[in-house]
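These are my notebook entries on a single model. I set down what I looked up, in the order in which I looked.

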Amino acid sequence: MRVTFTVNGREESAANVWEGESLLYVLRERIGLPGSKNACEQGECGSCTVYLDGVPVCSCLVAAGQAEGREVRTVEGLADGDRLDPVQEAFVECGAVQCGFCTPGLVVQAHDLIARVPRPSDAEIREALAGNLCRCTGYEKILDAVRLAAARRAGAE
């Protein structure tokens, strides 16, 4: 089947998509957006999180055909050209990126949280990121990055 959807503001198509092919696979292998990572393929780690019609989803659990006619925004789509999104900048500045495998999903989840809750508490940050696993950072630098991004978005820094 052919799947056509909008990715990061551009219409994209993939031909000969197998019925069981995931959105993650199509994004990475057919469209050439390697930002979302393939770690568990079971929706347990959050590394493949993208927006689907404005809602964060694990793209490994979404059949590519389900994206037909819909809007997808990946971690690459958060940046404005060469300018990183404030959440992306904060992750870099705070050292919240180590191996980088979990980072795309964490950035998308943090971006969503800050859009919904401009000044999240630590408990709200932890709850929002609970579905994203990181094995390198110990999470403290990730929490620092989310706090910094929220403060900058709120103009409080």
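**Entry 1: charged pairs.** Which residues are linked with D144 in a network of salt bridges? I found D122, E140 and R147 joined with D144 in that network. I count a salt bridge where a side-chain nitrogen of Lys or Arg is within 4 Å of a carboxyl oxygen of Asp or Glu.

Before going on, I note that the model is predicted, that local features need pLDDT of at least 70 and side-chain atom pairs pLDDT 80 or more, while totals for chains, interfaces and linings use all residues. Residues are numbered from 1 along each chain as its sequence is written, and side-chain values use heavy atoms, with hydrogens and water left out.

I take helices (H or I, at least four residues) and strands (E, at least two) as DSSP runs, numbered from the N terminus. For burial I use relative accessible area with a 1.4 Å probe and protein chains only: buried is under 20%, exposed over 50%, and partly exposed in between. On that scale D144 is partly exposed at 30%, and R147 is partly exposed at 28%.

I recorded nine salt bridges in the structure. One of them joins R30 to E21, at 2.4 Å from N to O. R30 is partly exposed, with 36% relative accessible area, whereas E21 is buried at 8%.

Another salt bridge joins the side chains of R70 and D53, at 2.7 Å from N to O. R70 sits in the loop between β4 (55-58) and β5, and D53 in the loop between β3 (49-52) and β4, so this pair ties together parts 17 residues apart in sequence. Both ends are partly exposed: R70 has 29% relative accessibility, and D53 has a relative accessible area of 41%.

Entry 2: In what order do the five strands of the open sheet stand? I read the order as β2-β1-β5-β3-β4, with mixed pairing. I treat two strands as paired if DSSP finds at least two bridges between them. Ignoring direction, neighbouring strands are turned by 40° against each other on average; axes are lines fitted to C-alpha atoms, for helices over the stretch in contact, and angles run from 0 to 180 degrees between N-to-C directions.

I then followed β1 (residues 3-7). Four of its five residues are buried, so the rest of the structure largely encloses this strand. Five bridges pair β1 with β2 (residues 10-14) in the antiparallel sense, and V7 stands opposite R10. The two strands form a hairpin with two residues between them, and N8 in the turn has a positive phi of about 50°. β1 also runs parallel to β5 (residues 71-73), joined by two bridges; T6 has E71 as its bridge partner there.

β3 and β4 are antiparallel, with four bridges, and Y51 faces P56 in β4. Helix α1 (residues 23-30) lies across β1, β2, β3 and β5, at about 75° to β1. α3 packs on the sheet as well, touching β3, β4 and β5, and its direction makes about 45° with that of β3.

**Entry 3: the nonpolar cores.** I define a nonpolar core as buried Ala, Val, Leu, Ile, Met, Phe, Trp, Tyr and Cys residues joined through side-chain atoms within 4.5 Å. The largest has 26 residues, of which V87, F91, L106, I142 and V146 touch the most other members. The elements giving two or more residues are α2 (86-93), α3 (103-116), α4 (122-128) and α5 (140-154). α5 gives the most, with seven residues. A separate second core has 16 residues, including F5, V26, L52 and V62.

**Entry 4: C134.** I found C134 in the loop between α4 and α5. This residue counts as buried at 10% relative accessibility. Beyond residues up to four places away in sequence, C134 touches C102, L106, Y139 and I142, where contact means heavy atoms within 4.5 Å. C99 lies 35 residues from C134 in sequence, and their C-alpha atoms are 9.3 Å apart.
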